[in-house]
Amino acid sequence: MAEPSTWEQILGRPYVAQRLVPPSERTISIDGREIPLKLDVRNYVYAGEVQLVAARLYQGQTTNFRTAGGGFAPVFTEASG
């Protein structure tokens, strides 16, 4: 009997999926020039608890750390109360 495919295994267990959302943009200034960079925010979760929130700025199709002005960006949150 053949092993179930990866997708069959995934569909047989509870999981979280996300809809594709185009990245927003932020404009930064480098050497006096305005540069638009894409922005994504990620929540790193383990056992249902957020461990880390990170934002990344980039150009092109993939995130990378070679983009001038790109890389990790601060994420500010408000305390719930």
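User: Why is Val 45 called partly exposed?

Analyst: In this predicted model, Val 45 has a relative accessibility of 48%, and the classes are set so that buried means under 20% relative accessible area, exposed means over 50%, and partly exposed lies in between, with a 1.4 Å probe and protein chains only; Val 45 therefore counts as partly exposed. Val 45 lies in strand E2, where a strand is a DSSP run of E with at least two residues, numbered from the N terminus.

User: What should I know about how the model is read and numbered?

Analyst: Residues are numbered from 1 along each chain as its sequence is written. Because the model is predicted, local features need pLDDT of at least 70 and side-chain atom pairs count only at pLDDT 80 or more, while totals for chains, interfaces and linings use all residues, and side-chain values use heavy atoms, with hydrogens and water left out.

User: What makes Val 41, Val 45, Val 50, Val 53 and Val 75 a nonpolar patch?

Analyst: A patch is made of residues with over 30% relative accessible area and no salt bridge, like charges being joined within 9 Å and nonpolar side chains (Val, Leu, Ile, Met, Phe, Trp, Tyr) within 5 Å. These five valines form such a nonpolar patch on the surface, with about 370 Å² of accessible area together, as given by the Shrake-Rupley method with a 1.4 Å probe, only the protein chains shown counting as cover for residues. E2 and strand E3 (49-58) each supply at least two residues of the patch.

User: How do you know that Asp 40 forms a salt bridge with Arg 42?

Analyst: A salt bridge is a side-chain nitrogen of Lys or Arg within 4 Å of a carboxyl oxygen of Asp or Glu, and the closest N and O atoms of Asp 40 and Arg 42 are 3.4 Å apart, so the pair meets the definition. Asp 40 counts as buried at 13% relative accessibility, whereas Arg 42 is partly exposed at 35%.

User: What makes the pair Asp 40 and Arg 56 a salt bridge, and which strands hold these residues?

Analyst: Asp 40 lies in strand E2 and Arg 56 in strand E3, so the pair ties together parts that are 16 residues apart in sequence. Arg 56 is buried, with a relative accessible area of 13%. The structure holds 2 salt bridges, and Asp 40, Arg 42 and Arg 56 are linked in a network of salt bridges.

User: Why are Asp 31 and Ala 47 called exposed?

Analyst: Asp 31 has a relative accessible area of 79% and Ala 47 has one of 68%; each value is set against the limit for exposed, so both residues belong to that class.

Key: Helix = DSSP H or I, 4+ residues; strand = E, 2+ residues; numbered from the N terminus.
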